[in-house]
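Biologist: I'm new to this one. Can you walk me through it?

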Amino acid sequence: MKVLLSWIREFVDINKPPEEIAYRLTMAGLEVEGVEKVEDDYVLDVSIPANRGDCQSILGIAREISAIFDIPMKPLASPTFSENEKGIDVEVLDSELCPRYTLRFIRNVKVGISPEWLRKRLEAVGIRSINNVVDITNYIMWALGQPLHAFDADKIKNKVYVRRAYPGEKLTTLDEQVRNLSEDILVIADEDGPIAVAGVMGGKESEVSFSTKNILLESACFDHISVRGTSKNLGLRTEASIRFEKGIDIGITKLASDIATEMIVRLCGGEVGRLSESYPIEYKLSPIIFRPEKFTRRMGVVISEEEVYNILCRLGFEVNKVDSTWEITPISARRDISLEEDLYEEVMRIAGYDRLPSTIHKGIVGVVSPPESWRKRKLLRRRLNSIGISEVVTSSFIPVLLDGYFKELLPEGIGSISVINPLREEESLLRYSISQALLNLAVNNIRWGYEDFSLFEIGRVFYKRHQEYQEKEHLGIIQSGRIFYSWENRIESSFYSIKGILEYLFDGRLEFSPSVSSTLHPGRSAIIFYKGETVGFIGEIHPDIARMMKLPRIYVAEVDLTIFPIEFFLPNKIEEPSRLPKLKRDIAVVVPQDLPAVKVIEIIKETFGNLLEDYELFDIYKGPNIPEGMVNLAFSLELRERSRTLTQEEIEERVELLRVKLSNINGRLREW
Amino acid sequence: MPSMELDIKNIRLEALKEVSGADSIEELRSIEVRYLGRKGLITQILKDLKEIPPEQRPEIGRIINDLKMELTTEIENRRVFLEEKEKARRLEEERIDITLPGINLPIGRLHPLTLIIERVEEIFTGLGFSVVEGYEMESDYYNFEALNIPWYHPARDTQDSFYITDKLLLRTQTSPVQIRVMEQLKPPFKIFAPGRVYRRDQPTARHSPVFHQIEGMAVDRDVTFADLKGTLDVFAKALFGEGVNTRFRADYFPFTEPSGEFAISCIFCKGRGCNICSYSGWIEILGCGMVHPKVLSIGGIDPEEYSGFAFGMGWDRLAMLTYGVNDIRLFLENHPEFLRQF
């Protein structure tokens with residue numbers, strides 16, 4: 001809200017430099033976003049917090065300045081004028097939504113252009129001049145925070161009602177929009193129907209124009225919740241509705257009307273008629289308990305009782321000291337103050353937050369260990385980084401065209417979630433799979449000319465399953481192009497390179513089973529199982545999709561991390577290292593080439609049992625010396641019996657056993 | 001026996017000539033064998049000693065031994081010489097072009113948001129705070145109602161939400177964690193909660209509909225407003241450097257009372273005023289305050305017995321300030337050129 005320093009000075013005698021006023025207001029909670037010199041005056045742009053409805057006026061800001069600088073307010077004089085009996089009756093049918101309503105009749109007004117000083121002042125704070133009557137209502141609203149509205153009295157029939165709109169009622173507002181009204185909208189109406197949307201905007205029909213002779217000046221207090229609802233409902237925010245929403249001073253309704261009336265008569269001529277008022281329940285301010293001792297304890301700074309008392313008085317509050325408990329009655333404008341803590345803030349902000357010392361709380365330790373998800377994420381990030389995979393953080397929203405992607409590879413019955421009110425229709429979908437976001441990123445990378453990348457993300461995914469909205473943490477990995485390259489050698493990404501990452505992270509304890517989906521290459525993809533449960537997937541992006549998205553061969557893997565406890569990744573009991581020597585034994589097996597390698601590995605594991613510490617498949621060979629349809633797999637085995645030295649004979653026994661087992665699957669051991 | 005002496009002299013001359021002419025270790029070895037080997041010439045002469053008169057034997061024997069030693073030394077010297085020569089040749093042969101580029105193993109990097117949160121974690125855990133996490137899909141109750149923001153509250157305007165159903169939304173702030181923590185823990189506790197939040201804002205350099213916040217909260221008997229200021233001072237100086245000044249001013253939030261806004265002196269212009277701090281010299285980094293008594297009560301904590309403070313800051317913003325990033329959208333864009341600078 002823009003305010004003029006000269007205007008503020010009409011309410012409080014402040015002669016500090018504008019920069020100091022701006023700084024002190026900012027520190028006290030009213031942020032001054034700009035100070036601009038206009039001729040010999042200054043315009044301050046003040047940002048009003050949501051709770052400070054009282055500061056949406058020159059008066060309110062002057063009150064703040066008065067309290068901050070300890071300069072008394074100039075008294076607000078009530079104008080006097082002679083009234084006649086002409087007027088119109090008012091009936092408020094819903095006094096909960098309109099606790100106070102006044103309507104003043106003024107006859108024989110000369111509507112015209114405002115005097116220059118008035119136009120200039122309004123212009124300086126950003127209000128467009130319309131005509132003298134409307135300008136005065138805006139001027140008073142700006143000065144006192146009370147929205148006013150002037151009706152052309154000759155367009156109003158008989159009596160004015162303040163009531164909820166009837167279903168189906170319509171009103172053309174000042175902005176020439178036809179508004180469809182409903183029962184939760186409060187309107188001002190005459191016998192014929194609505195003439196204004198209460199607290200938001202007047203009707204076009206009863207607008208004050210240059211031909212208007214007689215006017216009705218409305219000054220009222222409408223319920224802030226109701227006005228906010230109406231404003232949202234109609235999608236219409238006005239200077240009036242903004243003020244009502246934050247709450248205005250019910251104590252000033254009539255005074256504002258009187259001041260405006262006096263000004264209208266002075267500037268536009270006319271005769272003052274009757275003021276009709278509805279104010280069934282007078283607003284009562286209730287005192288709030290304030291304990292200076294608790295204030296000191298909560299703030300952690302000593303401010304003398306004398307100063308505290310002084311500050312409360314400067315704010316215009318009534319202070320009634322009863323021993324160590326004080327009773328404070330705020331002013332009617334300060335509807336934001338209802339609790340003792342509200343008063344703490346008042347005292348503290350006027351005293352200045354810079355008076356607070358910087359201390360650290362001393363208390364009993366209440367330690368909470370970090371959640372597993374946090375520790376897991378840190379551990380996995382470190383491990384992934386250590387093998388050259390970099391982290392990305394992508395948006396939770398993904399393009400709608402990726403809906404359905406990877407879905408068949410996740411646990412059955414997953415439904416995607418969209419937001420009802422997206423910024424753009426094509427960005428309404430929340431990711432149910434990190435791979436969706438990574439695929440999207442891959443498209444960008446390729447477009448930017450980066451073909452080699454190995455990336456991971458650990459983040460939340462969202463889906464509906466079993467009628468429930470679920471939020472899980474997934475790990476996603478994507479690889480493309482070369483993993484490693486130099487003028488000497490290179491490693492290309494592949495199904496196996498990404499599988500190797502999972503084997504490293506999950507210590508080879510995941511199971512892979514061939515999968516069929518429309519997102520991944522049918523011959524190069526797998527569903528990942530852990531203890532019989534689907535936990536993720538791995539594979540090459542389906543060539544059809546790659547072609548459509550102009551992608552080279554891209555490999556992805558995804559695992560639901562919520563399933564794995566931290567102990568899965570870090571032992572809580574280690575295995576003692578054995579000092580006995582390991583024995584190395586290389587073996588080569590020749591098996592039918594369509595036999596999955598995992599079968600051979602299973603047989604080796606089974607044969608050597610716990611003697612087998614580790615194994616490496618170091619060569620796969622087809623060709624001369626190997627019969628047609630067969631493949632040679634060369635393994636290097638590391639063998640050890642942890643409690644005693646293993647003998648060569650024992651190993652040979654097992655090798656013989658392996659020979660027998662291999663023959664059962666049409667394979668054989670190859671002699672070196 | 002002058003003839004023997006003559007023989008020895010000739011052998012000596014011959015041997016020394018051969019040794020100094022040897023071009024390889026192998027040749028030297030065969031020379032050594034020929035003269036000093038078990039069947040070598042000098043060994044042979046020694047055996048012939050018994051055929052000369054006994055009175056001449058000591059003299060001749062000394063001469064032969066001297067020759068033997070001399071030759072051994074000469075061979076050794078020659079060997080060292082040849083070995084050095086061989087080594088030099090091999091080293092020359094192994095010369096490579098050291099101007100060729102190195103072989104770079106792939107490097108795994110962390111995202112800047114992770115790098116920042118690791119520093120923040122260090123600072124807050126050092127102050128006795130523990131990390132907790134919440135949900136990104138939250139109910140209207142936790143995101144607003146329980147935080148003293150009823151449906152009609154004007155504060156909702158600045159937090160336009162993405163709704164999934166009437167009552168389920170993407171959280172607009174990390175503050176719902178405050179309620180969830182109070183429901184689960186008994187005071188005293190000090191927590192911080194980093195996480196992703198969503199607001200229905202058009203993406204610009206300063207705003208992103210998907211961004212991140214870090215919430216903090218401490219509840220105990222006699223936690224003071226000054227404790228809040230002290231905690232934030234420590235945080236700001238630890239993250240932005242000892243030389244940074246801080247400013248604590250009044251502000252408004254529905255779920256804290258009193259409320260404040262915490263700013264640091266602009267780290268780019270040192271408070272003199274620049275583009276980034278809008279010429280104010282200050283950069284706001286967080287909103288905070290004493291936990292509102294209504295919020296404590298909703299969380300099941302008696303506001304007469306306990307008090308607490310809470311704060312919430314922009315996580316992306318901390319990273320923007322730390323790394324001089326001018327556009328918040330860069331974080332979720334993940335451009336390779338952006339990421340490889342971390």
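Predicted model: local features only at pLDDT ≥ 70, side-chain atom pairs only at ≥ 80, totals over all residues.

Biologist: Okay. How many residues does the contact take from chain A and from chain B?

Modeller: Chain A gives 79 residues and chain B gives 70 residues.

Biologist: And how do the residues on the chain A side divide into nonpolar, polar and charged?

Modeller: On the side of chain A that touches chain B, 40 are nonpolar. Another 23 are polar and 16 are charged.

Biologist: New topic: domains. Which domains is chain A divided into?

Modeller: Domain 1 covers 2-69, domain 2 covers 89-278 and domain 3 covers 288-353. Then come domain 4 (372-569) and domain 5 (583-670).

Biologist: How many residues of domain 1 of chain A are in contact with domain 3 of chain A?

Modeller: Twelve, and they meet eleven residues of domain 3 of chain A. Helix H3 (residues 58-69) of chain A supplies the largest share of the domain 1 side, five residues. By class, that side has four nonpolar, five polar and three charged residues.

Biologist: How far apart are the centres of those two domains?

Modeller: The C-alpha centres of domain 1 and domain 3 of chain A lie 23 Å apart.

Biologist: What about the domains of chain B?

Modeller: Chain B has domain 1 (2-93) and domain 2 (112-339). Their centres, taken over C-alpha atoms, are separated by 91 Å.

Biologist: Let's look at strands. What is the order in the open sheet of chain A?

Modeller: The order is S4-S7-S10-S11-S12, five strands with mixed pairing.

Biologist: Which strands stand at the edges?

Modeller: S4 (89-92) and S12 (201-202) of chain A. Each has a single partner strand, so one side of each is left without a neighbour in the sheet.

Biologist: How is S12(A) joined to S11(A)?

Modeller: Two bridges join S12(A) to strand S11 (residues 193-197) of chain A, and the two run antiparallel. Val197(A) has Met201(A) of S12(A) as its bridge partner.

Biologist: Last one, helices. How do H2 and H3 of chain B cross?

Modeller: Helix H2 (residues 25-36) and helix H3 (residues 41-48) of chain B cross at roughly 5°, and their axes come within 4 Å. H2(B) and H3(B) are therefore roughly parallel to each other.

Biologist: Which residues make that contact?

Modeller: H2(B) brings Arg34(B), Tyr35(B) and Leu36(B). H3(B) brings Leu41(B), Ile42(B) and Thr43(B). By class, the contact has four nonpolar, one polar and one charged residues.

Key: Residues numbered from 1 in each chain as written. Chains lettered and ligands numbered in written order. Contact = placed C-beta atoms within 7 Å. Nonpolar A, V, L, I, M, F, W, Y, C, P; charged D, E, K, R; others polar. Axes fitted to C-alpha atoms, helices over the stretch in contact; angles between N-to-C directions. Parallel < 35°, antiparallel > 145°, perpendicular 65-115°, else oblique. Pairing = 2+ DSSP bridges. Domains from an automatic or database assignment.
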